[in-house]
Amino acid sequence: MEPLYQQTHKQVHEIQSHMGRLETADKQSVHIVENEIQARIDQIFSQLDRLEILSSKEPPNKRQNAKLRVDQLKYDVQHLRTALRNFQHQRCAREEQERQREELLSRTFTTNGTQKKVLDIANMLGLSNTVMRLIEKRAFQDKYFMLGGMLLTCLLMFLMVQYLT
């Protein structure tokens, strides 16, 4: 049992060092490293099954200690498996965010083009330039009225909270 335990313990430490490689791996090799780690974890679980059987065959005075050591290894490997899953989840989320970011950056937002189209349509309808300027001026003034109203509302809410509490 002891040689298999030592070998399994050594493999657990190797996986821990490979987990550090995951953080520094580039996008192409990260999948290879992940698959390698997953294969090693699966191999260790099969070894742990054999270790459990061997620990139950130990002499009674060593059996409890052997089972504790195997349980500790099992816990460590489960922790490594969870860490790998967390890393994979974070990587997938990061890739999804990058994909969404690229998609947003590839879109063209043309507010000026829209405004030009609206002006063209208004000219086709026969609205004069003077009327169009008045509409634009009114829209500009409405922005200030809206901002002023928002500030006044915030100020009133602040004063109410101050005096009522």
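Helix axes here are lines fitted to C-alpha atoms over the stretch in contact, and the angles between their N-to-C directions run from 0 to 180 degrees. Helices themselves are DSSP runs (H or I, at least four residues), numbered from the N terminus. The model is predicted, so local features need pLDDT of at least 70 and side-chain atom pairs count only at pLDDT 80 or more, while totals for chains, interfaces and linings use all residues. Residues are numbered from 1 along each chain as its sequence is written, and side-chain values use heavy atoms, with hydrogens and water left out.

**Helix packing**

Two packed helices are described by the angle between their axes and the distance between the axes. Helix α1 (residues 2–24) packs with helix α2 (residues 30–56) at an angle of about 160 degrees, and their axes are 10 Å apart. α1 is therefore roughly antiparallel to α2 (under 35 degrees counts as roughly parallel, over 145 as roughly antiparallel, 65 to 115 as roughly perpendicular and the rest as oblique). The crossing of α1 past α2 is left-handed, a term used if the near helix is turned anticlockwise from the far one by less than a right angle; clockwise would be right-handed. The contact of α1 with α2 has 14 nonpolar, six polar and six charged residues. Ala, Val, Leu, Ile, Met, Phe, Trp, Tyr, Cys and Pro count as nonpolar, Asp, Glu, Lys and Arg as charged, and the others, Gly among them, as polar.

Glu36 is in helix α2. Its C-alpha atom is 8.9 Å from that of His18, a residue 18 positions away along the chain. In helix α3 (residues 60–106) lies Gln88, whose C-alpha is 9.6 Å from that of Val30 across 58 residues of sequence.

**Aromatic rings**

One aromatic pair is found in a search of the whole structure. The ring centres of Phe140 and Tyr144 are 5.1 Å apart with planes at 80 degrees, so this pair is edge-to-face. Rings of Phe, Tyr and Trp (its six-membered ring) pair if their centres lie within 6.5 Å; planes under 30 degrees apart are stacked, over 60 edge-to-face and the rest tilted. Both Phe140 and Tyr144 belong to helix α5 (residues 129–164), four residues apart, about one turn of the helix.

Elsewhere, the charged end of Arg69 sits over the ring of Tyr5, 4.0 Å from its centre (NZ of Lys or CZ of Arg within 6 Å of the ring centre and within 35 degrees of the ring normal).

**Accessibility**

Buried means under 20% relative accessible area, exposed over 50%, and partly exposed in between (1.4 Å probe, protein chains only).

| Residue | Relative accessibility | Class |
|---|---|---|
| Phe140 | 47% | partly exposed |
| Tyr144 | 53% | exposed |
| Glu36 | 28% | partly exposed |
| Gln88 | 23% | partly exposed |

Key:
Helix = DSSP H or I, 4+ residues; strand = E, 2+ residues; numbered from the N terminus.
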